[in-house]
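Please read the following report beside the sequence and the model.

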Amino acid sequence: MVRRNLTAAVLSGVLAVSALAGCGGNGDDAGSGSGDGGDGKITLGFSQVGAESGWRTANTKSIQESAKEAGIDLQFSDAQGKQENQISAIRNFITQKVDVIAFSPVVTSGWDAVLKEAKDADIPVILTDRAVDSQDKSLYKSFIGSDFVEEGKKAGQWLVEQSKGKPGPINIVELQGTTGSAPAIDRQKGFAEAIAADPNLKVVKSQTGDFKRADGKTVMETFLQSTPDIDVLYAHNDDMGLGAIEAIEAAGKVPGKDIQIITVDAVKDGMTALADGKINFIVECSPLLGPQLMDLVKKTNAGEEIPTRVLTEETTFTQEQAKEALPTRQY
Ligand code: AHR
C-alpha cells in the first residue's frame with residue numbers, strides 16, 4: 001500500500017487496527033509513512049536501468065518474481081537507459097509515498113538531489129546492482145550487488161596466466177559498458193590493474209558498446225578495420241562479446257582461436273558460446289538479486305538496521321566448466 005493511501009487509512013481509523021494486528025511499519029508517523037497499510041503489503045518502487053542485455057532481463061525477472069513471492073507490491077519502472085527517466089520515476093515514487101525505493105543507477109553521478117528528496121520524505125532507498133558516487137552515505141540504506149573491480153581483475157588475471165611465455169606484444173581491444181556506469185568504470189579499472197603485471201599485454205583500442213549486442217558488433221567491426229592484429233577482446237558483458245563474435249566471423253576470423261575472448265556476466269547465451277569454444281573465459285556477475293533485495297526491503301521497512309553493503313558471490317568459467325554448468329544454468 002502506498003503511503004498516500006495509508007494516510008487515508010489513518011484518517012478512517014484503520015491504522016490502529018493494523019498496528020494492533022502487528023502489520024509491521026517503520027515506526028514513523030502516518031504522514032511520513034509507516035510501511036504496511038491495511039492490505040498488509042509493503043510498496044516497493046523500483047527503477048530499472050532498461051533492457052539492454054540478457055543480464056538485465058534476468059535481473060528484472062528475479063526482482064519481479066521475488067516481490068511476488070515476498071508479497072511485496074512492486075511498482076516497476078523501466079528507465080530505458082536514461083538517467084532523467086530514473087530521476088523522474090524516483091520523484092514519482094516519492095509523490096506516491098511508497099514505503100521503500102530501490103534502483104539500479106544508469107550512471108554513478110548526479111543522484112544527490114533526488115536522494116536527498118527521498119531522505120527528506122523519510123523513504124529508505126536501497127541501491128541494487130550499481131553504485132552511486134555520492135559522498136553522503138546517509139542518502140541510502142544499503143547497496144546490494146557485485147564487486148565490479150574484482151570482476152575486471154579476474155578477467156585480467158586469467159589473461160596474464162594464459163599469456164605466460166607467449167611473445168609480445170599481445171594486442172587487446174576492449175568493449176566498454178555504458179559510459180559513466182559503475183560496471184564500465186570498475187571493470188576497466190580492475191582489468192587494467194591486473195594486466196599491468198605483464199608488459200606484453202596492451203589495450204590498443206577501448207570504446208563503449210553500451211552493454212548492447214548490436215553496439216558490440218558495430219564497434220568490433222570498426223576495431224577490426226582499424227587494427228588488423230587483434231589478439232584478445234575483453235568485453236564488459238556477454239552481449240557485447242556475442243555481437244563482436246558476429247563481426248569477427250564476418251571478417252573471416254575464428255572467435256576463440258584467432259582472437260581470444262573474455263566477457264563478464266555468464267548468461268545462458270554467453271555460456272553457450274563459451275561451451276562452443278567461441279568465448280575463452282567468462283567472469284560471472286549474478287543478476288539474481290531479487291530474494292536478497294526483498295529481504296532488505298522488509299527489514300528496513302520494519303525499522304531494522306540493514307547492512308550498508310551486501311556483496312554478491314560469484315565465480316568464473318572456463319570452456320570446460322561452462323559445459324558442466326550449462327544444463328542447470330538458471331538464466
Ligand atoms: O550492471 C550490471 C551490468 O549491466 C551487466 O554486467 C550488464 O550486462 C548489464 O547491462
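The paragraphs below describe a predicted model.

Residues are numbered from 1 along each chain as its sequence is written, and side-chain values use heavy atoms, with hydrogens and water left out. Because this is a predicted model, local features need pLDDT of at least 70 and side-chain atom pairs count only at pLDDT 80 or more, whereas totals for chains, interfaces and linings use all residues.

**Confidence and overall make-up**

The average pLDDT (the predictor's confidence in each residue, from 0 to 100) is 90 for the protein, and 89% of the residues score at least 70. Over residues 3-36 the pLDDT stays under 50, although the model has 62 contacts (heavy atoms within 4.5 Å) beyond four places in sequence for them. Where pLDDT is low, the predicted coordinates should not be read in detail.

The secondary structure comprises twelve helices and twelve strands. Of the 331 residues, 53% are buried, where buried means under 20% relative accessible area, exposed over 50% and partly exposed in between, with a 1.4 Å probe and protein chains only. Among contacts with a separation of 6 or more, 74% join residues 24 or more positions apart.

**Two helices**

For two helices, the table sets the end-to-end C-alpha distance beside the expected span, which is 1.5 Å times one less than the number of residues.

| Helix | Length | C-alpha span | Expected span |
|---|---|---|---|
| α6 (148-162) | 15 residues | 22 Å | 21 Å |

In α8, the residues G216, V219, M220, F223 and L224 are buried. Seen down the axis of α8, these buried residues fall within an arc of 145 degrees (taken from the directions from the helix axis to the C-beta atoms), so they line one face of the helix. They pack against β6 (170-176), β7 (201-208), β8 and α9 (238-250), while A214 and Q225, on the other side of α8, are exposed.

The buried residues of α6 are F148, V149, E151, G152, A155, G156, W158, L159 and V160, and what covers them includes β6, α7, β7, β8, β9 (260-265) and β10 (281-284).

**Cavity and pocket**

Spaces were located on a 1 Å grid over the protein atoms alone: a cavity is a set of points where a 1.4 Å probe fits but cannot get out, a pocket is an open set with protein on both sides within 12 Å along at least five of seven lines, and lining residues have an atom within 4 Å of a point. Grid points are joined across faces, edges and corners, and a volume is the space filled by probe spheres set on the points.

The structure holds one cavity of 30 Å³ or more, and the largest cavity contains about 80 Å³ of space. Of the 13 residues that line the largest cavity, W55, R56, R130, R187 and D265 are the closest to its centre; α3 (54-70) and α7 (182-195) each supply at least two residues of that lining.

The second largest pocket has a volume of about 230 Å³. The residues that line this pocket include K61, E65, E69, L288, P291, Q330 and Y331, and α3 gives the most to the lining, with seven residues.

Technical notes
Helices (H or I, at least four residues) and strands (E, at least two) are DSSP runs, numbered from the N terminus.
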